[in-house]
Structure formats: structure tokens, C-alpha cells
Amino acid sequence: MLLLTCPHCGVSGDETEFAPGGEAHLKRFGPGSSDGEFETYLFYRRNPKGVHFERWRHAFGCGKWFHAARCTVTMEVFGTYPADVTEPPAELVETIRAKRPEWEGF
Amino acid sequence: MSEPVSAIQGRAASGNAKGLAIGLTDAGPQGMVTLRGDLSSPALAAAVQEAVGVSVPGTREANFAGGRGAVWMSPDELLLRLPYGDAPAATAAIGKALDGEHHLALDVSDARTVIRLTGEDVPEVLAKCAPVDLAPGAFPVGSARRTHMGQIAVAFWRIAETEWEIVALRSYGHHLYDWLAASAKPGGKVGVF
Ligand SMILES: [Zn+2]
């Protein structure tokens, strides 16, 4: 069971209040892209053992989307942040580096 | 003309000597207006004040006065509570007041079931139903929370020390009522608070 803090309403809620939305920060390829790029966008995911950036929605709460960084091995949640950014905030990256020195970075 | 009825048609119960100190009452048809927009807008604040006589609630808060109120639902959404018959006119007035400002006001009075909870053991009962911290001090008067009870979405707020409201979509009304009633049965007190 994950405990996630929604950055929009401040609730620290059980995982059951949230709906997962898959890997975060995907680059979208649409009309005009190559088949290879489109395939990558649709199907290729990092699926890391360790630090992972994800999309979540506070489905049984304020209804808003946000991002979460967590460890897929220990389930530790490093932090959450709003979904309107293309990369994780610098201080969150620092936090993760301090806890996971072997992490290859975002 | 047909009269509005609530989904659970006046069901009510109160705790007996061996049960928990809680009363469950169908609040009956209640006026509910969904208002979406910029919650920091002065025009929106004025429209809310005009409609329900309270200021715009802060994050996860509910402001009530004299049976009317406003509940914070999300960073851009409020639920206004008022008498059933007042909702259509209030919705129209908000639309007029916010004309030209990006917003949505909709009378959703018939969308939900409202159950009134009274008594000092309300936190005790709700804590068994929803994953929300209801320990003493954690959910003071004026707090509001959207969450879930099992598979159904609910929202509840604390109007006074021993007075709460809980809402769920209309078709879940009986399910919600039965669940609360079962949680308040004699012998159901957990006693951690
Ligand atoms: Zn939220």
C-alpha cells in the first residue's frame, strides 16, 4: 500500500483513493511522426528496477492529475508534484540522488 | 406536478443505549449547485456570498451558516448547499453574475443523496468506513473531505461539533445508508479515539 500526497489538495491518502496513470514525462508523437517514434511513444516504457516517475490521479478526491516519484523495489515515495511540468523539480531530483547515489538520473 | 423525493425516502435511525451515539437521517431533497471557476476571483466570491451567504471555503474546508453553505471540492470547484427550491434561481443568478468570466454553474440537486449525521460518535463510525484521519483534532469543524467508502465515491463535511453531512451519488443512497447503519450497530464501537 502506497501513501501518496496529492499536491493539489494536500491530502495524504491511501493508494485506494488514487488511480495510476502509467509512466510520467512521455514525449508524445502524433501525426507526422515516423512509425518508429510513434511505436516508441505508444509501447516503449522504461520499467526500471528502482527510481520511477509516474502519473497518478486523485480519483476519489479532488480529481486532479499529478506526478509521483517512487522506488519500484522498496515502494518508497520520494515525492509528488503537479502534472504541468516536463521534468521533475530540481529539489526532488536532489532528494532522490541523496537517497539513491547509484541512480542514473532522470 | 411531481414532487421531488430523495433516493432513500426518509430513512432514519438513531443509536440506542447499546449502540453508538449517532443519528442517521435522510436529509431529503437538498439544493446542490456545482460551481467551477477561479476560486480566487472576487466576482466568484461575491456570487457565492449572494447565493449561500458564506465566503469561499479554503482548501478542504466547508463554510456553513443558517443551513446554507459552500464546500471545497477541488482547486477549481465548489459545491453550494442551499434549500432545494432555491437552487434553480441561485444557479441562474450565478450565471448572470459571472457572465464573461470562465466558469460553470450547474444545478445538480437531484444527483446526490444527502445523509445527515449527528452525535459524538460520528468520527468513530466514519473512520470505519473511509481511509481518512478522524482522530480528535484531525478533522475540526469546517473540514471537508472527498474520499471513498469501498467502491463508492463520497464526500463529507463537519458543520458543527456533532453535526455532519455525507453525500454520494443518488443511486448509491441505500448502499451508503445501510453501510453507515451497519457500522453504528450495538457493539460496533472500536474505541481507539
Ligand atoms: Zn487531491
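1. Chain A has two helices and six strands. Read from the N terminus, its elements follow the order β-β-β-α-β-β-β-α. The model is predicted, and the values below should be read with that in mind.

2. Overall dimensions of chain A. Along the principal axes, the C-alpha atoms of chain A occupy a box of roughly 40 × 35 × 25 Å. The accessible surface of chain A is about 6,200 Å², with 52% of this area on carbon and sulfur atoms. Of the 106 residues in chain A, 37% are buried. Among contacts in chain A with a separation of 6 or more, 47% are between residues 24 or more positions apart.

3. The interface with chain B. In chain A, 11 residues are in contact with 17 residues of chain B. The two chains bury about 1,000 Å² between them, and carbon and sulfur atoms carry 54% of that area. A:Glu17, A:Phe60 and A:Lys64 provide 44% of the area that chain A buries against chain B, more than any other three residues.

4. A salt bridge joins the side chains of A:Glu17 and B:Arg145, with an N to O distance of 2.7 Å. A:Glu17 is also one of the three residues named above for their share of the area that chain A buries against chain B. Seven residue pairs across the interface are in polar contact, with both residues at pLDDT 80 or more.

5. A:Glu23. Is this residue of chain A, A:Glu23, buried or exposed? With a relative accessible area of 13%, A:Glu23 falls under the 20% limit and is therefore buried. A:Glu23 lies in strand E3 of chain A, which spans residues 19–23. Its side chain reaches the backbone nitrogen of A:Arg46 at 2.9 Å. Leaving aside residues up to four places away in sequence, A:Glu23 touches A:Arg45, A:Arg46, A:Asn47, A:His52, A:Phe53, A:Glu54 and A:Arg55.

6. A nonpolar patch on chain A. A:Phe38, A:Leu42, A:Phe43 and A:Tyr44 form a nonpolar surface patch of about 450 Å². One of these residues, A:Leu42, belongs to helix H1 of chain A, residues 35–43. A:Leu42 has 40% relative accessibility, between the limits of 20% and 50%, so A:Leu42 counts as partly exposed.

7. Backbone angles to check. Most residues other than glycine have a negative phi. A:His25 is not a glycine, yet has a positive phi of about 60°. A:His25 sits in the loop between E3 and H1 of chain A. At 19% relative accessibility A:His25 is under the 20% limit, so A:His25 counts as buried.

8. A second case, in chain B. B:Gln9 has a positive phi of about 45° and is not a glycine either. B:Gln9 is placed in the segment before strand E1 (12–14) of chain B. Its relative accessible area of 59% is over 50%, so B:Gln9 is exposed.

Definitions and conventions
Residues numbered from 1 in each chain as written. Chains lettered and ligands numbered in written order. Predicted model: local features only at pLDDT ≥ 70, side-chain atom pairs only at ≥ 80, totals over all residues. Heavy atoms only, no water. Helix = DSSP H or I, 4+ residues; strand = E, 2+ residues; numbered from the N terminus. Buried < 20%, exposed > 50% of the residue type's maximum accessible area, 1.4 Å probe, protein only. Polar contact = N/O pair within 3.5 Å; in protein donor to acceptor, adjacent residues only side chain to side chain. Contact = heavy atoms within 4.5 Å. Patch = residues over 30% accessible without salt bridge, like charges linked within 9 Å, V, L, I, M, F, W, Y side chains within 5 Å. Areas by Shrake-Rupley, 256 points an atom, 1.4 Å probe, with all protein chains shown as cover. Salt bridge = Lys/Arg side-chain N within 4 Å of Asp/Glu carboxyl O. Buried area = accessible area lost by both parts, 1.4 Å probe.
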